[in-house]
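Hi everyone, thanks for making time for this.

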Amino acid sequence: MATLEKIRSKSVFLIIVIGVALLAFIVGDAITNGRNLFGDHTTVAKVGNEKIDYTDYMRKREELNNQLEQMRRQNPAQVANFDNQLISQMALDQLIGERLIDKAAADAGVRTSAEQLRFYMLDNPVNPRIQEFIQALNAQGMSVSTPQQAYEIIFNPTRNGMSEAQAQPLQRAWIAMEDETKQMISRQAYQRLLYGSVKANELDKKALYNDYVSALNVDIAFHPYGQLDPAKYPVDDSEIKAQYAKVKEEFKVDEPSKDVAFIAVNIAPSAADTKAARELAQKTVVSLSDSTGQLDKDLRKEGIVVTRKEQRATDISNTLIKEFVETAQNGQVKLVSENIKGFTIVKMGKRTQALDSIQLNIVTVAGATLPGKVLAQLNGSLSVDSLATRFGADSVMVQKEQWFPLFTAEGPTNVLEKGQLDSLLNAGGKYITLMSSPQGSMLAKVSNRGSQKTVYEFEEVNYDLKPSTKTLNEERAKLEKFLDANPDTKSFIANAAKAGYSVQDYTLSASSTAVPRVPGMQNYFPDSRQVVRWVMIDGEPGQVSHIYESKDALTPALYAVAVVSEYDDYAPLDNKSVKNYVTDKARKEKAGDALVKEYQPKAGTMASAAQAMGVEAQNNPNFRFGRNSQVRDAEVMGRIAGGKPGKVVVVKGDNGVYAYQITKEVKENFPYTDTQYEQQYFQLINPNLGEMLKGAAKVKNNIYKFEAGD
């Protein structure tokens, strides 16, 4: 009681101390991070009221990175040009889609039944983690090939030679996969429901049918604007502003955006760097050729990479290396290539003869004692095809005549350890035990052998030429000097060319993955996410950033950026792309009006209209809205499709002037098929699941706050 009274007497003091500490924390956090303590510190994005947490985002990003690495191992060419900076936005997009569909499915009452879960976990597994789980069990010495076998082992552990303690983590992993699978099933079910809700009514289908069977015979002449002369068709500021007002909705932005001027300095090796690389190549050849035959440790510090290889001749992709190793003597060294990218040196090793593949009969037997009995029977008179009958299909699994490559283009596969391979090859056609555990054993024998190939052992020594620290520092000093002299956006843009820099114009937003090399393309400047972060958090119109650096060792770069303007509703008219587009559109409209005025009086016939336009008229006997190759302007297309046979009409379009004459209406005799026009309606609507789920909900993207520090 005395202790309790002391605490009570001190309570006011404690509250004050805690309050002061909390205030200090709030102020400190605001100063260091510039974020509101009462905001969403760990929210990477919000879609309406749905939040994407940083931990979920990191988990998804790691998952995508693992998938990418797996693809790189399996098919490097497929992802050779993939930019890793895309991973962050891909992860967020997937999470947003998952969160939206999960909420929609829950709101709609979509549930996964026990029967469905069993089917999709055991009979028809849809979760890729299940196969990974089975592989992991086999790696631990458990002989498992199906989800049913895996379930049996981990949920009946004592019957399968495993303790309850050993089984518990496996059971938790299985239950986690069940939860994932439930989620997958409900997502797929709701997706089918949502797509199924997009259906055509009878009027929709009949309208599509009528549009298809009704056609026009039309003669069309088209005169493109081409490159319009500004002197002939001048447009002033008032006309440009009026045109901007007409098309302003085209420039609506979904999130806060900023226009920037960007400089990227790609740093290449200097002449001195190239000379040093040539000298390094000669030193490397000498070092590899001396009595030790080993690369000097000081040379390794220069960035030289030595790779030991064992390859067949057909697997050596570099022709120069292949030609050398086929004729070289053991220990011989040669500089096989030297260029602006670096050099390659090869040191020859041994030539050996090796089996390139092997065919096996594999028998997996469950239990601790049964494998010995099966092995004895197999090496006696029992046929492998009789095993299931003799010992039961649940106890024995057979894989006959399975080929295993011992070499691929990458070298030895190591699918079998050397001791295992030697035992198999020396077994005289009998079965041996390859692997064994209390849960079961794997038995195998050689059923066929591949061919003997010459295998070349050699060391491939590579050096990638990159800019030296001196070269990097010189380029940085030059850019720093420019920024010191041009600390604001106006001078940054005005004086860049004189200093030898090229300025690129971009619009960046919260969703910008990085700075694109070409606007609109998914190819980015390396490590440029940090530039986006500065622009979106700290950059104000008129301000210039400090220097940002790409750490890419082979293609280092320096970046600087100046903020031109910011907006969160419509891209303004002073945006260069907007200004160019609007000016061009205004000029085309003026040219169109003038050309229509010029050609219409001469358009008594299509021949005279085409002659005045300096083109040839083309006949389109089956003109339909959206189904013709001669008219791509939607407004003109609509005017023609809604017209009647009559006189020649001259109209302006977005990209030129059209003259057309409808000569007759055509009625095709196609049968009406309900299913066909149901499908056509769906294709025409082309529902976007993501947009349907999102609806009017706003997306707030905070990803730039969590990626690439300042």
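How many nonpolar, polar and charged residues does the lining of the largest cavity have, by class? The lining has three nonpolar, two polar and three charged residues. Before I go on, please keep in mind that this is a predicted model.

Let me stay with that cavity for a moment. Its lining is made up of L288, G293, Q294, L295, R300, V306, R308 and E459. The space inside the largest cavity is about 30 Å³, and the count of cavities of 30 Å³ or more comes to one.

Now for an open space. The second largest pocket has a volume of about 680 Å³. It is lined by 21 residues, and R59, K60, E63, R129 and E180 are the closest to its centre. Sorted by class, the lining of this pocket holds 13 charged residues, along with five polar and three nonpolar ones. Where does the lining come from? Helices α3 (54–74), α4 (86–107), α6 (128–139) and α8 (164–196) each contribute at least two residues. The largest share belongs to α3, which gives nine residues to the lining of the second largest pocket.

On to the packing. As general background, nonpolar side chains in soluble globular proteins tend to be buried together. In this model, the largest nonpolar core has 25 residues, and those with the most contacts inside it are V44, I52, Y57, L92, I96, Y190 and L693. At least two residues of this core come from each of β1 (43–47), α3, α4, α8, α24 (689–694) and α25 (703–706). Here the largest share, nine residues, is supplied by α4. If you click on I96, you can see it in contact with V47, I52 and V699, leaving aside neighbours within four places in sequence. Apart from this core lies another one, of 18 residues, with Y506, W534, M536 and Y704 among them.

Next, the aromatic rings. The count comes to 20 aromatic pairs, and I've picked two of them to show you. Why is the pair of F262 and Y559 called tilted? The ring planes are at 35 degrees, with the centres 5.5 Å apart, so the pair is tilted; stacked would need planes under 30 degrees apart. This pair links distant parts of the chain, with F262 in strand β4 (residues 257–266) and Y559 in strand β17 (residues 557–567), 297 residues apart. Both F262 and Y559 are buried.

My other pick is F343 with Y463, an aromatic pair that is stacked, at 5.2 Å centre to centre and 25 degrees between the planes. It also links distant parts of the chain: F343 sits in strand β7 (residues 342–355) and Y463 in strand β14 (residues 452–464), 120 residues apart. F343 is buried, with a relative accessible area of 2%, and Y463 is buried as well, at 10%. While we're on rings, F133, Y151, F155 and W174 form one aromatic cluster.

One last residue before I hand over. Not counting residues up to four places away in sequence, T364 touches S143, S395, V396, M397 and S441.

That's my tour, and I'm happy to take questions.

Technical notes
Residues are numbered from 1 along each chain as its sequence is written. This is a predicted model: local features need pLDDT of at least 70, side-chain atom pairs count only at pLDDT 80 or more; totals for chains, interfaces and linings use all residues. Side-chain values use heavy atoms; hydrogens and water are left out. On a 1 Å grid over the protein atoms alone, a cavity is a set of points where a 1.4 Å probe fits but cannot get out, and a pocket is an open set with protein on both sides within 12 Å along at least five of seven lines; lining residues have an atom within 4 Å of a point. Grid points are joined across faces, edges and corners, and a volume is the space filled by probe spheres set on the points. Helices (H or I, at least four residues) and strands (E, at least two) are DSSP runs, numbered from the N terminus. Ala, Val, Leu, Ile, Met, Phe, Trp, Tyr, Cys and Pro count as nonpolar, Asp, Glu, Lys and Arg as charged, and the others, Gly among them, as polar. Contact means heavy atoms within 4.5 Å. A nonpolar core is a set of buried Ala, Val, Leu, Ile, Met, Phe, Trp, Tyr and Cys residues joined through side-chain atoms within 4.5 Å. Buried means under 20% relative accessible area, exposed over 50%, partly exposed in between (1.4 Å probe, protein chains only). Rings of Phe, Tyr and Trp (its six-membered ring) pair if their centres lie within 6.5 Å; planes under 30 degrees apart count as stacked, over 60 as edge-to-face and the rest as tilted.
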